[in-house]
Amino acid sequence: MDMKSQHNGINVYRQFIGGQWVDCDGDMLDVTNPATGDIIARVGMANADNADQALKAAQKAFPEWSRKTAVERADVLYKLVSLIQDNSERLANLITSEQGKPLAESRADVAMCGDLIRFAAENTRRLEGDIIPADDPDEQIWIQKVPHGVVVGITAWNFPAALIGRKLGPALAAGNTIVLKPSEETPLTALEIVELARQAGVPDGVINLVNGRGQDVGHHLVTSPITQLVTMTGSVRGGREINKAAAEHLKIVRLELGGKAPFIIMDDADLDPAIDAAITSRFNNCGQICTCNERMYVQSGIYDRFLERFKSRVEGLKVGNPLTDGDVDMGPKINRDELEKVHAMVEQAQRDGAELVTGGKRLTGGEYDQGSYYAPTILTGVNNDMKIMQEEIFGPVVPIMKVESFEEAIALANASEYGLSAYVFTRDMKKLMALTRELDFGEVYVNRGGGESVQGFHKGYRNSGLGGEDGKYGLDAYVKSKTFYVNYG
């Protein structure tokens, strides 16, 4: 059976279980373009029984896949990377259609997916154990790294390709099998990547994908005794629910959750790159990135100059439909509910005393009426206790606060339940070195904008998550240690 069929001119996608595209037993989900509100595809939704079938298929495939050599696993992943590259423009257009980001950003999303899988493939031979001297002269201690078994990967909607690569690549490289559940908002890209994996020769059952809602399908995937490791990217609320559900079987959980990244600019900063980074780190993907610039602390000596230039740049951002106008800087929010949530936060901030500098409204008229567009927004006159400074906005809104010193900025930045990313612009080496001790975030960008590298380690503190992803430390999470005490006397 093919990946999709057509009904009344609309593509209808199936699920991927045990190496086959299958119809599922749930209802149908309309996937809409947030720029226009148009239905672009329908996806069959799974239920708990379908999720169980996917888990059992992964369980059945695990012994053979885990026994393959590192090179054999890597070769399959390299083939998948090649197919992703060959289909990159088609995938990028699909991401823009279902998620709304500009095409340049969608292309970067696809490239990141391929790069994450490539890194995993390159490192299959580097999943190394140890031989440790024993106390007995006729004994050695061997510590081997072995795969967990069946992994469940649950992804968010803001990076439909990269997040699939982030889960799939290391899971398979380490010898695990996987069941993927993409977001209901953006399932199409994941389905197309899984089809490319099938074409690349991934054996039946090694990769499975079911679409469904968290409360039924997601819950079953997390709580099943077949599942050995859960890796999830999403909201703090969703992460807490998953952690609680997984506790019954004490299974390993890796959570990459929300963020409230501080963006600190000191008086001695080089202002032009700081403004560039502040713009891209806030308004890329319509502010829908967990590492986004969510709150700014600008030192008083440059505050007025920065605000004037920053406001001019923000008001010059072009917002529109990325598929009909390739020159836009920012597309729509993912849906109306998210748009209304952002607007409610802006209105509440103003009631709390914040000053609206620019934006602060839904964009209307013409094509704006069909989609979920919000004006790029700046708020000043805020204090650190306001909701707008403490809760994740996840939209094109940035509150800016004046600070008097480096020490004040660090203290305000750390006063947060989140601890994923932070940005600091300063040319003072003493301040830079102090960041290693005093700034309590897992990922710090110094004198540059956001965007992690696949060889780094993407990790959040506090409510931003558990564990971490990417690089050698992220790959190590997909294996477990097995210790042998080998006596040969």
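The model is predicted, with local features requiring pLDDT of at least 70 and side-chain atom pairs counted only at pLDDT 80 or more, whereas totals for chains, interfaces and linings use all residues. Residues are numbered from 1 along each chain as its sequence is written, and side-chain values use heavy atoms, with hydrogens and water left out.

Helix α9 (residues 271–283) packs against helix α10 (residues 300–315) at an angle of about 50°, and their axes are 10 Å apart; helices here are DSSP runs of H or I with at least four residues, and strands are runs of E with at least two. Axes are lines fitted to C-alpha atoms over the stretch in contact, with angles from 0 to 180 degrees between N-to-C directions. The two helices are therefore oblique to each other, a class left over once angles under 35 degrees (roughly parallel), over 145 (roughly antiparallel) and 65 to 115 (roughly perpendicular) are set aside.

The contact (heavy atoms within 4.5 Å) involves L271, D272, I275, D276, A278, I279 and F283 from α9, together with I302, R305, F306, R309, F310, R313 and V314 from α10.

In the loop between α9 and β15 (293–299) lies N285, whose phi is near 55°, a positive value in a residue other than glycine. Most residues other than glycine have a negative phi. C286 is also placed in the loop between α9 and β15, and C286 has a positive phi of about 55° although it is not a glycine. N285 is buried, at a relative accessible area of 3%, and C286 counts as buried at 2%, where buried means under 20% relative accessible area, exposed over 50% and partly exposed in between, with a 1.4 Å probe and protein chains only.
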